[in-house]
Amino acid sequence: MSTPLTPEERIPPAAVDPAVVEAEERKWTPAKIALWVAIALLGGVAWGVLAISRGETINAIWFVFASVCTYLIAYRFYAKYIERKIAKPDDFRATPAEYKVNGHDYVPTDRRVLFGHHFAAIAGAGPLVGPVLAAQMGYLPGTLWIIIGVILAGAVQDYLVLFFSMRRGGRSLGQMAREELGVVGGTAALIATIAIMIIIVAILALVVVNALGESAWGVYSVGMTIPIALFMGVYLRYIRPGKVLEISLIGFALLMFAIISGRWVAESAWGAELFHLDRTTIAWAIIIYGFTAAVLPVWLLLAPRDYLSTFMKIGVIVLLALAVVVVRPEISVPAFSEYASRVDGPVVAGSLFPFLFVTIACGALSGFHALISSGTTPKLVQKERQTRFLGYGGMLMESFVAIMALVAAVSIDRGIYFAMNSSGAATGGTVEGAVAFVNGLGLAGVNLTPDMLTGLAANVGEESVVSRTGGAPTLAVGIAVIMNQWFGGPAMMAFWYHFAIMFEALFILTAVDAGTRVARFMLQDAIGNFIPKFKDTSWRTGAWICTALMVAGWGYILILGVTDPLGGINTFFPLFGISNQLLAAVALAVVMTIVAKRGNFKHLWVVVLPLAFATVVTVTASLYKIFSPVPAVGYWAQHNAFKQALADGKESFGTARTVEAMEAVVRNTFVQGSLSIVFLVLSLTVIIAAAIATLRAFPHGGPETEDPALPSRIYAPAGLVPSPAEKALDAQWNALPPGMRALNRRGH
Amino acid sequence: MKTPPPLRTPALLAALGAALARGRRGLAWYLGGVLGADAYRKYLEHHRQVHPGEEPLTERAYWREAMDRQDRHPQGRCC
């Protein structure tokens with residue numbers, strides 16, 4: 001693919017000769033063989049311990065070994081196979097970052113830096129929350145799905161979406177869907193994406209509300225992030241522009257102070273009065289915040305928050321992984337709990353198949369990543385072969401975060417776990433109610449006492465830990481339990497708890513703000529097809545209308561969730577997972593069409609496998625949610641049961657103790673049931689459109705939609721650690737005079 | 001092969017100090033890169049190559065423009 005160079009362009013080649021790369025990869029020295037055998041053995045032993053250990057406890061270190069060894073093997077062998085057989089990158093070809101370089105959004109970026117950047121954009125609260133809720137089934141189902149799911153589904157999606165978007169100048173998933181699937185499939189994909197973003201933002205916001213409700217400390221310290229961010233924004237705009245690292249360190253210090261001072265504020269009379277808010281008030285505060293943040297200029301609030309959030313993300317994840325390795329907590333949760341084979345789990349209802357696979361979405365397979373892997377990251381990639389490291393590797397990293405979250409959740413006592421995660425409707429929100437409820441579940445080895453709950457609440461600086469649903473408080477307790485064994489002891493537990501709540505809230509509020517903005521642009525683009533004026537995104541009125549529409553959408557669902565008599569998170573969370581994986585199915589459907597149009601039917605199974613699985617899981621889950629006659633599982637069954645009760649003139653029914661509450665259940669289940677139907681219809685439309693496009697391309701492929709190939713004139717190694725041939729070529733490039741190194745005549 | 005002279009304490013400390021400074025610079029480079037703190041430097045580099053002779057934006061003007069660009073092209077943050 002390389003074009004002959006003219007004499008003045010005598011620069012080293014833009015890529016290592018593919019034959020040399022191939023030879024390097026195929027050469028198995030004894031040391032290399034020994035290394036991979038050791039990795040395989042260690043991973044195998046770790047899996048064996050996780051799978052067959054029936055002792056009293058199991059050490060958390062085995063989770064680390066099992067996951068990391070499996071990731072390494074998948075990255076080295078399966079991702080390599082996908083690279084060779086499906087992506088087929090060509091480093092002689094320029095990436096959009098090179099041929100469209102503009103010094104702004106198209107910038108060739110060092111692969112290691114871009115890895116961090118991409119990871120910070122894809123990972124948030126999702127992989128931290130899902131595994132916590134799924135822990136009710138025991139540790140093994142979640143662990144298996146997180147690790148196998150990421151290897152065969154999640155990382156494959158992220159990698160291939162990134163690669164194909166890069167080959168198309170960084171086009172977005174929506175644009176690719178329109179191009180590959182035609183008008184019907186493309187439109188359905190666009191509407192599905194907007195609807196899914198609304199539900200995802202709503203449920204993330206619900207997680208924050210649940211974490212901050214009746215917690216003066218939490219409300220104060222998370223609230224403080226707003227003035228801190230405003231200060232950072234003004235500092236960067238007017239005082240010292242561009243000093244991003246400096247202000248991030250200052251912001252981080254202020255954030256730590258906000259956490260520490262939270263105790264003093266919460267213990268003072270005025271602080272408790274001012275910041276002790278009920279959940280509905282907090283929900284309204286987040287709605288107002290969401291709208292304001294999305295219409296304010298980026299520099300004032302979003303950008304500085306994003307710096308803080310990125311800073312915390314990398315710091316926290318490194319800290320948590322180190323803590324698990326250093327502390328190596330003993331885990332007494334069984335591999336499979338009672339709820340692995342039942343449908344009445346108090347945390348999230350439903351059978352293991354399919355509900356485990358929708359409860360854990362992020363960390364195993366997350367469709368939302370397709371929006372980052374297309375559009376943002378591909379415009380920054382230096383060289384095509386780096387996409388395996390960025391896309392596949394980045395997702396493996398998120399999966400590891402999910403494993404750490406699972407470890408944190410199963411490190412705490414099971415009785416406490418169920419007391420925290422059963423809905424207020426079940427426990428009555430009191431210590432006595434929680435103890436009676438949890439002990440009444442009849443779980444092996446669970447013997448909850450009131451002292452355990454009040455002691456824990458006092459240790460973490462909260463009034464109560466009963467029915468703190470949503471996953472975030474449980475994770476925070478898990479982190480506090482692990483971290484205090486490393487640093488500070490029980491006296492530091494409250495700090496670690498609020499530190500964890502703070503970073504989860506920070507991630508989520510950034511996602512709420514950014515999600516509202518992105519969805520606003522999508523909505524403007526969609527409405528613009530009918531009213532052209534809306535296409536102009538700088539038109540303030542249009543921007544405000546569309547922002548208000550988006551906020552109204554997620555705000556409505558948030559309020560429904562907060563006031564839900566059945567508990568909120570346990571009834572709404574499945575919608576989050578289902579919608580996220582339906583988006584994954586949409587992304588994989590687009591990828592399948594592209595691979596088919598390349599005429600590569602022999603290896604299409606690599607994409608069809610996760611697509612089929614995601615489709616089966618989400619369609620089954622949706623059908624359960626729509627048609628199941630079990631009220632705890634089926635939205636419409638619940639809807640009809642409550643409607644019937646109202647018609648019979650009953651004044652209370654199930655956990656709803658008033659007529660109003662019963663009416664609320666009727667309304668909420670109607671919304672949830674309708675959303676399930678909408679998601680299902682839209683996604684099936686996209687998948688069928690993709691299947692038709694794929695069949696049409698059989699057997700010779702279809703029209704090419706890639707940008708034309710241009711020769712590359714820059715060089716960088718592909719993976720984290722350069723190979724000998726890569727090092728040699730890198731040295732040649734580094735020997736050039738600085739002006740020649742990033743030789744680029746095209747520009748914009 | 002000659003054996004290197006034995007390190008004396010001051011030399012050892014100096015080496016340690018240099019290693020620490022390298023580590024600190026590396027960390028600052030990495031975090032700065034991930035946060036996008038080096039965007040202006042990269043812009044200047046790009047500007048020199050593509051528009052030689054033209055006056056680049058000042059640092060203040062560049063950051064103003066970069067932030068306002070984000071208003072027009074929002075980037076998603078995942079869950």
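A contact here means heavy atoms within 4.5 Å. Keep that in mind for this tour of a predicted model, where local features need pLDDT of at least 70, side-chain atom pairs count only at pLDDT 80 or more, and totals for chains, interfaces and linings use all residues. Residues are numbered from 1 along each chain as its sequence is written, chains are lettered from A and ligands numbered from 1 in the order in which they are written, and side-chain values use heavy atoms, with hydrogens and water left out.

**Stop 1: chain A**

Select chain A and colour it by secondary structure. You'll find 29 helices and 2 strands; helices (H or I, at least four residues) and strands (E, at least two) are DSSP runs, numbered from the N terminus. Chain A is as compact as a globular protein of its length, because its radius of gyration is 26 Å, close to the 27 Å that the globule rule gives for 748 residues. That radius is taken over C-alpha atoms, and the rule is 2.2 Å times the number of residues to the power 0.38. Along the principal axes, the C-alpha atoms fill a box of roughly 85 × 60 × 55 Å.

**Stop 2: helix H26 of chain A**

Now pick residues 635–647. Helix H26 has 13 residues and reaches 18 Å from its first C-alpha to its last, close to the 18 Å expected at 1.5 Å a residue; the expected span is 1.5 Å times one less than the number of residues. Show side chains: A:Trp636, A:His639 and A:Phe642 are among the buried ones. Their cover includes helices H24 (569–597), H25 (605–627) and H27 (659–697) of chain A. Just after H26, click on A:Gly649, which takes a positive phi of about 80°.

**Stop 3: chain B**

Switch to chain B, which has 3 helices and 0 strands. Its radius of gyration is 21 Å, well over the 12 Å that the globule rule gives for 79 residues, so chain B is more spread out than a compact globule. Buried residues make up 30% of chain B.

**Stop 4: helix H3 of chain B**

Finish with residues 59–72 of chain B. Which residues of H3(B) are buried? They are B:Tyr62, B:Trp63, B:Ala66, B:Met67, B:Arg69 and B:Asp71. To see what they pack against, show helices H9 (216–239), H10 (244–267), H13 (302–327) and H22 (493–527) of chain A, together with H2 (39–50) of chain B.

Notes. Buried means under 20% relative accessible area, exposed over 50%, partly exposed in between (1.4 Å probe, protein chains only).
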